[in-house]
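Hello,

Here is the structure I promised to pass on to you. Please have a look at it first, and then read my notes below.

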Amino acid sequence: MPKSGSTSKITRRTALAGLSAGAALLAMPRIGRAADETVRIGFPTPLTGPFAAEARDQVKCAELAVKLVNDKGGIGGRKVELLVRDDKLNAGEAATRTLELIEKDKVHAVVGALSSAVQLAVNEVTRARGVIYVSISQSDTINEAKDFSKYTFHEALNPHMTTAAVARQTLKKGMKVAHLVADYAYGHEMLRGFKRAQATIGADTVGEILHPFGAADYSTFMPRLMSLRPDVLCISNFGRDQANAIKQAVDFGVKQQMKIVVPVILHNQRLAVGPDVFEGVVGGSNYFWGLETQSKSAASFNTAFKAANGGAIPTDYGAYGYSGVGSLLAAMQAAGGTETDKVVDALEKLQYDITKGPQHYRKCDHQSVQSVLVLESKKKSAMANDNDLFAILANDAGSDELLRSCSELGHAT
Amino acid sequence: MDLSLIIMQLLSGIALGAVLVITALGLTIVFGMLGVVNFAHGALFMIGAYAGLYLASLTGSFWWGLLLAPVLIGAIGMLIEFVLIRRLYGRSIDDPLLLTFGLSYILVEGVRIVFGSDGIPFPTPPQLVGVLDLGIGFFPRYRLFVIALVAVVLLVLWLTLEKTRVGLIVRAGARDPTIMQVLGVDIGRVWLAIFGLGVGLAALGGVLAGPMRSVNPEMGSLVLAEAFVVTVIGGLGSIVGAVVAGLMVGISISLVALFAPEMATIVMFGLMAVVLLIRPEGLFGVKGRTA
């Protein structure tokens, strides 16, 4: 459409102007900031577009993390301020907004981004300017040596961790597995993870179908998937693609023949298509509020969130906003301020437990080592209340074992 | 690759094509008779799905939603024609295009404000849940119902246009509105009804698609693109063209999905490009009225 074309042109021009201004600023010596100045955290997230619901949850949770620190007197007496920006799920927009946050608003660090392309764009800008960036996108390309910098941190789970945990829970030796995969980075990363896990377990792939990103109809893939007669169908896609693909698979009677498994089971998509469709679907997750019976941190996170949001519960993506900002602020507290190098050091040494159990950032690639939940969507009649969506099948404790090794990612060991 | 798989695949293609036909039909009728390119068609499809869902939950039955939503949204379509589109007749084709383009933004944003930007579940009517054993494989009952319903709607539409007095006036109005006025026909009322019909068909497409997809404010944007592709292939303004092209696109997507799944979306644009190269006016289009 003509409209989007002209918008992106303006964005590109603004970005160029910003880039040159940025270069000029870098040449100047940094001016020391007053000690009583506020601590500013930039937070780009897709407030408009298909992931708006997830983005809003992220903002609510990030604001909660900031509020809790401010209630206790801030960072060394300095108040913390969260600067939320709409990245519109567009890499160019995200780069421009991040540049503004750094050059104009003088943020001390950036947390955020949801999609893999946006995460890469934000990381480009922050690493060129030496600003800390804590990513909460589920893709982990920025942890690989070519895109990594010492300022890059990754709080979210990565494809390798979730698929390994889900596969361990659902696959057995000799099982036949079919894959329905979204044809872009996210889907490919998940497929790679599943196949790796299958190789260890000894489960065979009987078919792989790549579908176009954002497809509304999956019916044309179903007869073929059924004819492959697999024991398990892994659907590796995100957002509404997940909801539509599962819904249509169920319409075709796929569940009577095989188990449906997803790398990441999404709270909001389960709400969007209802309990009957998702019943019995198994997937990985970073957080589910029901963890409160097993974890004190989850219980206190839920309580704080409910108090601040009129009794609502925090979602999976919301929890990323909380732990991303929370871990950064904890490191700033330990570093006694916002000086970038000291905060990086503090983040590397940080042991934190704010939503679900112990977490820490691995030294080589700054990936947060953390537990992975494996959830199963509940039958409608088994739900105790409207929020009782999932049963927790497993809570795999975080360990380096779940991650790709440092050398595999291209880091010197 | 056995024959039963290919037949199943054809059947999913026809089901897919059926929804395309209904949506493209509304677009092509409005263009053919009124010369208006309705960019809000996708948004009205989405509004139709929401209205169907709302009316179904209000009355407790999917069938009321299916019946009332197209009527209600068709009436809203008539209001849009009466208040907005009417002023732009006789002006350049860009004016109603821009107007409806803006309208689509307002509609999508309005739904976001009222129903939220998350999707809402649209349950399949209980009578049509599950699959039917066709002997060669299982096929969802609901999709078979969609194929049958679309066939009935097409038949009724064809009979009305070809065999009734109203149909005669409509067809004549599309040929030469001035003569019609001279003959004492209130052409304004015909246009009002045609626009309402076009919008009603969009809404019907939305209600039918609801139980097959998740219902969300953005569900119309992809549908609009697909409907345009179908109308261009079939020939702008041609009803037969919309039906043939809709089924052709559905079946091509489905068969390509069997052999090269990642190409499934691109195939319809490929088909459009080929048709435009060979017959710029579309398969059943009138010469001189090119896309």
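Predicted model: local features only at pLDDT ≥ 70, side-chain atom pairs only at ≥ 80, totals over all residues.

**Where the two chains meet**

Between chain A and chain B there are 12 residue pairs in polar contact, counting pairs with both residues at pLDDT 80 or more.

Which elements of chain A give two or more residues to the side that touches chain B? They are α2 (52–71), β7 (204–211), α7 (222–227), α8 (240–251) and α10 (267–273) of chain A. The largest share comes from α8(A), with five residues. Sorted by class, the residues on this side of chain A are 13 nonpolar, eight polar and eight charged.

In terms of contact, 29 residues of chain A meet 37 residues of chain B. The two chains bury about 2700 Å² between them, and carbon and sulfur atoms account for 56% of that. Three residues deserve a look here: Thr220(A), Arg240(A) and Phe252(A) supply 21% of the area that chain A buries against chain B, more than any other three residues.

Arg240(A) also turns up among the charged pairs. The count of salt bridges between chain A and chain B is two. One that you can find on screen joins Arg240(A) to Glu218(B), with the closest N and O atoms 2.4 Å apart.

**A residue to look at in chain B**

Asn216(B) sits in the loop between α8 (187–209) and α9 (219–234) of chain B. Is Asn216(B) buried or exposed? Its relative accessible area is 5%, under the 20% limit, so Asn216(B) counts as buried.

Pro121(B) is 95 residues away from Asn216(B) along the chain, yet their C-alpha atoms are separated by 9.1 Å.

The side chain of Asn216(B) has polar partners within its own chain as well. With the side chain of Ser214(B) it makes a polar contact at 3.4 Å. The side chain of Asn216(B) also reaches the backbone nitrogen of Met219(B), at 3.0 Å.

**Inside chain A: two domains**

Now back to chain A, which is divided into domain 1 (37–157 + 298–369) and domain 2 (160–285 + 372–402). Taken over C-alpha atoms, the centres of these two domains are 28 Å apart. Their contact takes 21 residues from domain 1 and 20 residues from domain 2.

How much area is buried between domain 1 and domain 2 of chain A? The value is about 1700 Å², with 58% of it from carbon and sulfur atoms. Across this interface there are zero salt bridges, while three residue pairs are in polar contact, again with both at pLDDT 80 or more.

On the side of domain 1 of chain A that touches domain 2, at least two residues come from each of α2, α13 (316–335) and β13 (368–369) of chain A. Of these, α2(A) gives the most, with three residues.

Happy exploring, and best wishes

Definitions and conventions: Residues numbered from 1 in each chain as written. Chains lettered and ligands numbered in written order. Heavy atoms only, no water. Contact = heavy atoms within 4.5 Å. Buried area = accessible area lost by both parts, 1.4 Å probe. Salt bridge = Lys/Arg side-chain N within 4 Å of Asp/Glu carboxyl O. Polar contact = N/O pair within 3.5 Å; in protein donor to acceptor, adjacent residues only side chain to side chain. Helix = DSSP H or I, 4+ residues; strand = E, 2+ residues; numbered from the N terminus. Nonpolar A, V, L, I, M, F, W, Y, C, P; charged D, E, K, R; others polar. Domains from an automatic or database assignment. Buried < 20%, exposed > 50% of the residue type's maximum accessible area, 1.4 Å probe, protein only.
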